[in-house]
Amino acid sequence: VEALTQYIHIKMDISRTHPMGSKVWANEIIQRAPMIQDYLETTLREWTASRAAIVDKWVRDGRIDPIEPRYLLYMIWATTQHYADFGHQISTLNGDRDLSEAQFAKAKETVTHIILRGIGAIR
């Protein structure tokens, strides 16, 4: 719970403070990663495998429900990066205003709760 909460919150904070980084990353991936394919095939693949092994251990230890670790990571990435990649949409739907500090804190709390509950880490 602690590790995933920290990871989700950090990812959302980065999306908020550095939205262009996420947008550049997304654009690169949409174009089939012409500049970073080597990175995807090495560093990111290794990082993902190491995190998947940790999640698998949590499953074996009964800390979370049986899940496919990579799908959990993809869900976290998609959800947290949404706040950067689709910031304009969020602002528009928020009365043409960026989320306030309180709204953003509530968003982080909600995303974290839904993911943790969805994998059975909290009840």
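**Reading a predicted model: core and contacts**

Biologist: How should I think about groups of nonpolar residues, and which members of the largest nonpolar core touch the most other members?

Modeller: Here is the general idea: in soluble globular proteins, nonpolar side chains tend to be buried together. In this structure, the largest nonpolar core has 16 residues, and those touching the most other members are L4, I8, M12, L72, I76 and I115.

Biologist: Which helices each supply at least two residues of this core?

Modeller: Helix 1 (2-17), helix 3 (37-60), helix 4 (69-85) and helix 6 (101-118) each do. Helix 6 gives the largest share, five residues.

Biologist: Now for single residues. Is S22 buried or exposed?

Modeller: The idea is to compare the relative accessible area with a cut-off: under 20% counts as buried. S22 has a value of 9%, so S22 is buried. You will find S22 in helix 2, which spans residues 19-30. Beyond its neighbours within four places in sequence, S22 is in contact with Q81, A84 and D85.

Biologist: And T5: which residues is T5 in contact with, leaving aside neighbours within four places in sequence?

Modeller: T5, a residue of helix 1, is in contact with T112 and L116.

Biologist: How far apart are T5 and A53 in space?

Modeller: Their C-alpha atoms are 18 Å apart, while in sequence T5 and A53 are separated by 48 residues.

Notes. Residues numbered from 1 in each chain as written. Predicted model: local features only at pLDDT ≥ 70, side-chain atom pairs only at ≥ 80, totals over all residues. Heavy atoms only, no water. Helix = DSSP H or I, 4+ residues; strand = E, 2+ residues; numbered from the N terminus. Buried < 20%, exposed > 50% of the residue type's maximum accessible area, 1.4 Å probe, protein only. Contact = heavy atoms within 4.5 Å. Core = buried A, V, L, I, M, F, W, Y, C linked by side-chain atoms within 4.5 Å.
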